[in-house]
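Subject: Structure for you to look over

Hello,

Here is the structure I promised to pass on. Please open it first, then read my notes below.

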Amino acid sequence: MSEQPRNETPASVADLQAQLLSSGYLASRGLATATLIALRLGRPILLEGEVGVGKTEMAKCLARIGGRQLIRLQCYEGIDTHQALYEWDYARQMLHVRALSESELSDASTASGLYSPEFLIERPLLAAIRAGSDAVLLIDEIDRADDEFEAFLLELLSDFQITIPEVGTVAASDRPTVVLTSNRTRELHDALKRRCLYHWIGYPSVEEEIEIVRLRVPDAVETLVHKVVAAVQRLRDMDLTKPPGVAETLDWVDALGVLGTTELDAATAADTLGTVIKDRDDLELVGAELDRVATGA
């Protein structure tokens with residue numbers, strides 16, 4: 001796969017689609033258009049959609065085709081600014097203090113050395129600020145973080161600089177490409193959305209999903225790919241707690257390939273259902289309709 005020159009945006013929407021395709025990602029024209037606009041304007045892009053539809057993979061592919069570093073901040077409930085920005089290496093600082101005490105050194109310069117860059121632990125957001133346009137910053141599952149962290153991101157996405165009291169202000173020389181993803185477990189604030197371009201990634205059509213499987217599992221038997229995709233589409237039409245995403249489709253094809261089967265029937269579906277259904281109640285619901293799911297009968 002050839003990479004575009006670093007920090008240069010693709011020439012057109014079709015060019016971006018082609019580059020993503022060469023990296024194994026089938027992007028719709030709508031997604032490619034929104035992404036190209038975000039790249040050219042230097043704006044973050046917010047990708048929302050169901051679990052497993054390719055939001056995170058989009059950021060990874062953008063980094064690959066641009067020859068840039070992927071810096072990922074995985075959000076979770078309770079994440080705070082220090083875990084996302086930087087922390088001081090207190091253990092090393094204490095060792096430094098002990099060494100100073102043993103050497104009977106305690107003047108101002110040696111004390112200030114406790115907060116020198118060598119003791120600073122760089123977290124994803126600080127790393128992205130320092131890397132600038134050489135990085136793609138993925139803020140993954142922002143909907144899992146709380147309101148306070150989301151508010152903190154507003155300032156960061158506006159200025160791309162932070163002040164570390166003991167060190168000073170660190171500003172990005174140029175902005176990294178920023179991709180935020182959300183599974184919509186909660187509604188994000190309008191203020192954050194206004195700072196981003198937005199695109200909703202839905203489940204692919206049958207034809208699109210078949211093409212995705214061909215790209216990602218090129219050795220898979222063609223007839224099996226069609227049967228698995230059709231079965232997954234039927235599963236999504238059921239009232240499941242956790243409908244399968246494209247990631248589960250790929251897992252199912254891989255699992256059947258490991259078993260060496262070229263058919264999908266009720267028996268093989270039952271044996272491998274755990275690769276595509278990840279909820280106990282869903283397993284019971286699907287288990288009662290395996291014939292219809294597997295064959296459409």
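**His199 and the sheet around it**

His199 is buried, with a relative accessible area of 17%; buried means under 20%, exposed over 50% and partly exposed in between, using a 1.4 Å probe and protein chains only. The residue sits in strand β9. Helices (H or I, at least four residues) and strands (E, at least two) are DSSP runs, numbered from the N terminus. Beyond its neighbours within four places in sequence, His199 is in contact with Ser28, Gly30, Leu31, Ala34, Leu46, Leu47 and Glu48. Contact means heavy atoms within 4.5 Å.

Two points on how to read all this. This is a predicted model, so local features need pLDDT of at least 70 and side-chain atom pairs count only at pLDDT 80 or more, while totals for chains, interfaces and linings use all residues. Residues are numbered from 1 along each chain as its sequence is written, and side-chain values use heavy atoms, with hydrogens and water left out.

**The chain overall**

The protein chain has 15 helices and 9 strands. Of its 297 residues, 47% are buried. Among contacts with a separation of 6 or more, 74% are between residues 24 or more positions apart.

**The parallel sheet**

What is the order of the 5 strands in the open sheet? It is β2-β5-β8-β1-β9, and the pairing is parallel. Two strands pair if DSSP finds at least two bridges between them. The edge strands are β2 (69-74) and β9 (197-201), each pairing on one side only. From one strand to the next, the twist averages 20°. Axes here are lines fitted to C-alpha atoms, for helices over the stretch in contact, and angles run from 0 to 180 degrees between N-to-C directions.

Look at β8 next. Strand β5 (residues 135-140) is joined to β8 (residues 177-182) by 4 bridges. In that pairing, Leu138 has Val179 as its bridge partner, and Val136 has Thr177. Strand β1 (residues 45-49) also runs parallel to β8, again with 4 bridges. There, Glu48 stands opposite Ser182.

Is β8 mostly covered or mostly open? It is mostly covered: 6 of its 6 residues are buried. In a regular strand the side chains alternate between the two faces of the sheet. On one side of β8 are Thr177, Val179 and Thr181, on the other Val178, Leu180 and Ser182, and all are buried.

Helix α7 (residues 124-131) lies across β2 and β5, at about 155° to β2. In α7, 7 of the 8 residues are buried. Among them are Pro124, Leu125, Leu126 and Ile129. Gly132 follows the helix, with a positive phi near 60°.

Thr163 has Thr169 in β7 as its bridge partner.

**Two helix residues**

Ile210 lies in helix α10. It is buried, with a relative accessible area of 7%. Leaving aside neighbours within four places in sequence, Ile210 is in contact with Glu222, Val225, His226 and Val229. Ile210 and Val225 are 15 residues apart in sequence, but 6.6 Å apart in space, C-alpha to C-alpha.

Arg234, in helix α11 (residues 222-236), is partly exposed at 21% relative accessible area. With neighbours within four places left aside, Arg234 is in contact with Arg292, Val293, Ala294, Thr295 and Gly296. Arg234 and Ala294 are 60 residues apart along the chain, and their C-alpha atoms are separated by 8.7 Å.

**The largest pocket**

How much space lies in the largest pocket? About 750 Å³. The lining holds 34 residues, and Gly52, Val53, Gly54, Lys55 and Val246 lie nearest the centre. On a 1 Å grid over the protein atoms alone, a pocket is an open set of points where a 1.4 Å probe fits, with protein on both sides within 12 Å along at least five of seven lines; lining residues have an atom within 4 Å of a point. Grid points are joined across faces, edges and corners, and the volume is the space filled by probe spheres set on the points.

α12 gives the most to this lining, with 5 residues. By class, the lining has 15 nonpolar, 9 polar and 10 charged residues. Ala, Val, Leu, Ile, Met, Phe, Trp, Tyr, Cys and Pro count as nonpolar, Asp, Glu, Lys and Arg as charged, and the others, Gly among them, as polar.

Best wishes
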